[in-house]
Structure formats: C-alpha cells, structure tokens
Amino acid sequence: MSDTSTMPAGDAPVAGVPTQVWPPADAARYREAGYWQGESIGQWLRARAATYAGRTAVVGGDVRWTYARLDREADRVAAGFLARGVRPGERVVVQLPNIPEFFAVMLGLIRAGIVPVFALPAHRQTEIDNIAAVSGAVAYVMPAVHDKFDYRTLGRALRTAQATVRHVVVVGADVMDAADDGVLEPLSAFLRDDADVSTARIVDPSPSSVAFLQLSGGSTGLSKLIPRTHDDYLYSVRASAAICELTPESVYLVVLPVAHNFPMSSPGFLGALDAGACTVLSPSPAPDVAFGLIERERVTIAAAVPPVALMWLEARDMSSADLSSLEVLQVGGAKLTPAVAARVTPTLGATLQQVFGMAEGLVNYTRLGDDTETICQTQGRPISPDDELRIVDDHDVPVARGAVGHLQTRGPYTIRGYYQNEAANARSFTEDGFYRTGDLVSLTDTGYLVVHGRATDQINRGGEKVSPEEVEDHLVAHPGVRDAVVVSVPDDYLGERACAFVILRGERVAPPVLKAWIRGRGLAAYKVPDQIVYVDAFPFTGVGKTSRKDLRGALRELAAQRNADATPSAPASSSDSTSS
Ligand code: AMP
Ligand code: DBH
C-alpha cells in the first residue's frame with residue numbers, strides 16, 4: 001500500500017505509510033475539473049517563493065521571513081530530517097505554538113515526503129501518547145516551554161513510552177540545556193546548511209500521496225487521524241483563497257493554534273501563501289495582544305472561534321487600538337449565535353464571514369458580498385460545485401428540503417477514510433463513500449447551510465428533542481446574559497434533562513426570570529432549561545471552542561458532590577436546580 005515514489009531506492013519499505021484513495025472514476029473527474037493539479041506542496045511552495053521572493057511571508061515576534069527565506073528554511077528542515085535518518089512516509093508528531101519555526105518544520109517535512117501529525121499546544125501526556133501510538137511516529141517536535149508548561153517532561157516520557165519514537169526535537173530558546181540531555185535534541189541538529197541542501201536526497205513526493213495527518217476534533221478520548229493528500233488539500237486552499245478574496249496585499253492574522261485546520265487552510269496561512277499575502281502569528285487570541293498586532297501590521301483578515309469573537313466584541317470599547325485595516329473577521333469552528341453575529345460589523349467595522357468546516361474536508365463559507373441576513377443567519381455554502389451534500393434522517397433517508405437532518409458529504413477534498421481505523425471508518429462513512437459529519441443541518445432556499453448542532457449534543461428529554469443551540473440563542477438574547485451553553489444531564493425519569501450554564505454580564509438575573517424569558521420568547525415548555533448554573537467562564541477545547549463535554553463532566557461532578565455533601569460548595573458557580 002505504500003507509495004513507492006516517495007521512497008529512496010534501495011531502502012527497506014517504511015511501515016504504516018498513510019494513503020488516501022478515491023475511486024478511480026471520481027479521481028479522474030476531480031483531475032479533469034482542474035481541482036487536483038498534480039502539484040506537491042513542496043513544489044507549490046517553491047513556485048510561490050519564485051513569484052513573491054522578496055515579499056514578507058511570515059511575521060512572528062521579531063522575526064520576519066520573506067517567501068524566499070521560508071522556502072530556504074523548509075529546505076533546511078527537509079534535508080536535515082532526511083540526513084538524520086527519518087525516511088519519507090514516516091510520521092513525526094509536531095506540537096508547536098504560533099511561531100515561525102512551525103512553518104519551516106511543517107513545510108520542510110512535507111517537502112521531504114515525511115508526514116507531520118499535527119497536535120495542538122493544549123494537548124498533554126495522554127493525547128500525545130495516543131497520537132504518537134496511533135500514528136506510529138518516529139519523532140516528536142515540541143517547544144521547550146510554552147504558556148508556562150514544560151514540554152520537555154512530555155518529550156522524555158514519550159520517548160520511554162513509545163518504542164517507535166527515535167527522536168525528541170526541541171524548538172526554542174532553551175535548546176542549550178536540551179542539547180545536554182540524552183533524549184532531547186535541539187532543532188538545529190535537524191537542520192542542514194544551504195550548501196548541503198543541494199546534495200540532499202529530497203525526492204518530491206507524489207501529489208496523490210498523503211502530505212500530513214490532521215487530528216479529528218472528536219470528543220471521544222482516542223484520536224482519529226485524517227490523511228490529507230497534496231492534491232486534495234491544495235485544492236481546498238486555492239479555492240478558499242479565491243472565495244476569501246485574498247490578494248498579495250492581504251495580511252492574515254493567526255490567533256487560533258496555527259496547526260488547526262481552520263487557520264491552516266480556510267483560507268488560513270496556506271491560503272495567504274497561495275495569494276502572496278503576509279501571515280502574522282499572534283501568540284494569543286487575547287484582545288490586547290491581537291488588537292495590537294492588527295494595528296501594527298495593518299491586518300486585513302483574521303479567523304476566530306465564537307468565544308474569541310465574543311471576547312473581541314466585549315473588549316472593543318475598552319481598547320483604543322486602530323482596527324480600521326480589518327476587512328474580514330471569519331468566525332467558525334462552532335455555531336455563532338445570530339445575535340452575536342449581528343454585532344460583528346457594527347462593533348469591529350469588518351465584514352463577518354461564517355465558516356463551517358471540518359478537518360475531514362468539507363468547508364462552507366458565507367461569501368463576502370452576501371446580504372446581512374445570509375451572513376448572520378447561515379453557516380455558508382460549500383467551496384466546490386462538486387461537494388455533494390446529503391441531509392438524511394436517522395435511517396439515512398433524505399429529509400424534505402428545508403428540514404433538519406444529519407449531514408453527509410463527499411467530494412474532491414473530503415476524505416474517504418481515517419488512518420488505520422476500520423472501526424471508525426465503518427461508523428463514519430456510508431457504503432457509497434459519504435462522510436457522516438455528525439452535524440444536524442438544514443438547507444435554505446438559496447442553498448446555504450444552517451447548523452443546528454451536533455447530533456450527539458442534542459438533548460433527548462423524555463423523547464422530546466431539544467437543540468442546545470436553539471435555547472442558547474434565546475438565552476444570549478437576554479440583555480443580562482453574556483454567553484450560555486446548554487448541555488444534557490442524565491435523569492432517572494426523563495433519561496436526560498437540560499442544564500444551562502450561563503455567564504452574566506453583571507447583575508444577577510434570577511433563574512426564574514431567565515426561565516420566564518425563554519417561555520416569553522414563544523418556545524415550547526420542554527425546551528426551558530431544567531437547571532441553570534452560573535459560571536464565570538467556560539472550559540475550552542484545544543482550539544478554543546467551548547467544551548460541552550467538559551461542561552457535562554462538571555455537572556456530573558456537581559451532582560456527585562451534592563450527593564456526598566449536604567452543603568455543596570462549587571467555587572465560582574452557583575446553581576439553581578429546581579425542576580420545572
Ligand atoms: P473538527 O472535528 O475539530 O474538525 O470540528 C469539526 C466540527 O466543528 C464540525 O463537524 C462541526 O460540528 C463543528 N463546526 C465547525 N464549524 C462550525 C460552524 N461554523 N458552526 C457550527 N459548527 C461548526
Ligand atoms: O472546526 C473545524 O474543524 C473547522 C472550522 C472551520 C475547520 O476544520 C475548518 C474551518 O477548515
């Protein structure tokens with residue numbers, strides 16, 4: 001199954017080389033339509049560097065790299081890892097924060113045909129162990145210390161736990177003490193000088209081979225790895241850059257973790273590179289940091305998850321930063337409440353673009369010229385005329401147009417299978433190759449998607465289905481509520497009931513007032529949350545989406561505490577648990 005074109009002749013076959021295969025007829029169609037252009041990401045970068053050589057490609061901290069420099073840095077990584085014995089087709093876990101070296105490592109490995117596996121900085125021992133085990137990684141690239149966390153401990157433990165891991169590579173300021181260690185090695189030991197690059201055995205990988213493995217954001221413990229090919233990914237990147245109207249004058253700001261699929265490809269920094277634009281790396285999405293960079297670098301487009309967008313809206317008034325360069329704020333990764341969506345342009349002066357995507361493939365965008373209603377009320381339409389969308393009921397039967405159902409999709413940049421995971425593949429793909437997204441959606445008359453939530457987040461309250469997002473929309477419409485998340489709580493009688501976690505703006509709004517508010521908005525009684533818990537903040541996933549899973553866990557803990565203790569104490573939260 002390995003792709004021999006990526007292997008130096010004479011070497012032993014490389015175990016576990018990922019593949020991604022579409023049926024030949026579909027592949028032929030995608031090539032004919034010009035989606036798959038038969039170009040590797042390494043060659044694509046080379047061509048960008050030739051066209052935009054002296055322009056700035058990447059800004060991070062005090063570092064500014066031109067396109068030519070980025071291309072050279074990628075070469076040094078490619079040559080360096082090959083020289084150190086890492087072979088094309090082998091996997092390398094890359095866990096780096098928003099620093100320029102991420103680009104060099106990612107693009108260098110891909111150029112050499114070595115397959116990066118992208119972890120997020122928030123991942124810890126359990127996740128990294130799992131990602132390394134599932135991918136059979138031979139190396140792990142990480143920072144020394146980032147956000148007060150010492151990754152070197154993680155690196156040492158991984159080397160012991162995973163027999164396949166031969167190299168633990170440290171990027172960053174503390175490389176000197178890393179070099180003293182028997183296990184950790186500095187990135188500099190994996191770089192070759194310009195002079196050596198020309199003699200390195202860099203063999204351009206086949207464009208139909210797998211360039212890297214993305215992580216599925218799946219909420220279960222074990223990672224699913226998503227093999228994306230050069231051809232399919234570059235198509236989504238090029239088409240996204242066009243949809244987002246990027247030009248060489250664009251300045252794209254990365255505030256989310258750079259390795260996530262959204263800031264990587266929708267259009268992300270790869271879209272910016274495709275267009276000859278500049279990418280600015282922000283170490284944090286915090287308004288004081290991000291706003292300063294927008295002003296200093298004259299940023300034109302940025303991508304946020306809803307909690308970050310909300311934070312920016314709330315902070316705008318308190319900041320004197322000049323945000324006048326910002327033309328587009330993309331928001332995606334989770335449902336953006338229409339009430340919050342409506343505040344983006346009046347508050348930030350930028351056009352809102354909703355982005356509904358997934359690392360498995362399909363990405364939908366509202367278009368920049370769409371009317372306000374479409375932009376605020378929908379999650380956009382697909383990139384490609386050849387994205388096939390099916391909306392079905394629980395038995396895979398298509399629903400009537402406009403009705404809510406499960407979204408399934410197939411197309412020129414959506415995978416047909418996860419890496420070495422037959423069980424997940426049997427669950428997540430139909431027999432005719434559609435990916436079961438797990439999302440509940442409906443289609444508007446104009447062919448735009450409205451996301452109603454994930455099927456697994458839906459609350460089944462004694463047989464009556466409650467969409468958390470629907471109730472949340474009504475809760476945040478209350479002037480005293482800053483944000484709200486509704487999740488299920490196990491219930492002996494109903495099976496599940498609903499709990500709303502609420503962040504207030506200021507003064508306390510008593511639970512009965514909020515419940516009356518929901519009723520007053522004309523919703524069915526069974527949709528009124530059974531319980532309201534006030535909190536100061538929500539837990540986040542690695543990319544910064546609100547974590548419904550963690551909130552469900554918190555409820556279970558709260559309930560256990562209650563049972564164990566007659567006088568419950570829940571720091572930073574107070575709870576109302578009347579049953580309605
Ligand atoms: P991931 O598995 O991390 O790639 O996350 C993909 C999932 O995030 C999608 O299947 C959706 O459930 C969710 N998602 C992404 N963008 C949006 C959006 N704009 N609105 C609602 N849900 C979204
Ligand atoms: O949430 C996602 O995974 C996501 C969101 C927007 C994504 O992968 C994307 C755009 O490409």
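The model is predicted, so local features need pLDDT of at least 70 and side-chain atom pairs count only at pLDDT 80 or more, while totals for chains, interfaces and linings use all residues. Residues are numbered from 1 along each chain as its sequence is written, chains are lettered from A and ligands numbered from 1 in the order in which they are written, and side-chain values use heavy atoms, with hydrogens and water left out.

**Ligand 1**

Ligand 1 is surrounded by 15 residues, and the closest are G333, V355, A359, D439 and R454. A residue is placed near a molecule or strand if one of its heavy atoms lies within 4 Å of it. Strand 16 and strand 22 (449–454) each supply at least two residues of this shell, and strand 16 gives the most, with four residues. Helices (H or I, at least four residues) and strands (E, at least two) are DSSP runs numbered from the N terminus. By class, the shell around ligand 1 has six nonpolar, five polar and four charged residues. In this scheme Ala, Val, Leu, Ile, Met, Phe, Trp, Tyr, Cys and Pro count as nonpolar, Asp, Glu, Lys and Arg as charged, and the others, Gly among them, as polar.

Polar contacts to both ligands are listed in the table below. A polar contact is a pair of N or O atoms within 3.5 Å; within protein, one must be able to donate a hydrogen and the other to accept it, and residues adjacent in sequence count only if both atoms are side-chain atoms.

| Ligand and its atom | Residue and its atom | Distance |
|---|---|---|
| Ligand 2, oxygen | S266, polar side-chain atom | 2.7 Å |
| Ligand 2, oxygen | M358, polar backbone atom | 3.4 Å |
| Ligand 2, oxygen | A359, backbone N or O atom | 3.3 Å |
| Ligand 1, nitrogen | V355, backbone N or O atom | 2.8 Å |
| Ligand 1, oxygen | A359, polar backbone atom | 3.1 Å |
| Ligand 1, oxygen | R454, side-chain N or O atom | 2.9 Å |

Taken alone, ligand 1 exposes 500 Å², and the protein buries 89% of that. Accessible areas come from the Shrake-Rupley method with a 1.4 Å probe; for residues, only the protein chains shown count as cover.

**Ligand 2**

On its own, ligand 2 has 290 Å² of accessible area, of which the protein covers 95%. Helix 10 (261–265) and strand 16 (351–358) are the elements that give two or more residues to the shell around ligand 2. Strand 16 provides the largest share of that shell, three residues. The residues around ligand 2 are H260, N261, F262, S266, G333, V355, G357, M358, A359, V363 and K545. By class, they are five nonpolar, five polar and one charged.

**T437**

T437 is located in strand 21 (residues 435–443). With a relative accessible area of 2%, T437 is buried. Buried means under 20% relative accessible area, exposed over 50%, and partly exposed in between (1.4 Å probe, protein chains only). A polar atom of the T437 side chain lies 2.8 Å from the backbone oxygen of L407. Not counting residues up to four places away in sequence, T437 touches M358, L407, T409 and R454, where contact means heavy atoms within 4.5 Å.

**Salt bridges**

Side chains of opposite charge can pair when their charged atoms come close. The structure holds 35 salt bridges, each defined as a side-chain nitrogen of Lys or Arg within 4 Å of a carboxyl oxygen of Asp or Glu.

One of them joins D194 and R72, whose closest N and O atoms are 3.4 Å apart. D194 lies in helix 8 (residues 194–197) and R72 in helix 3 (residues 67–83), so this pair ties together parts that are 122 residues apart in sequence. D194 is partly exposed, at a relative accessible area of 42%, and R72 is also partly exposed, at 37%.

D75 and R111 meet through their side chains in another salt bridge, at 2.8 Å from N to O. Because D75 lies in helix 3 and R111 in helix 4 (residues 100–111), the pair ties together parts that are 36 residues apart in sequence. Both D75 and R111 are buried.

E90 and R87 also form a salt bridge, at 3.8 Å from N to O. E90 is buried, with a relative accessible area of 5%, whereas R87 is partly exposed, with 23%. Elsewhere, D457, E469, E472, R548 and R552 are joined into one network by salt bridges that share partners.
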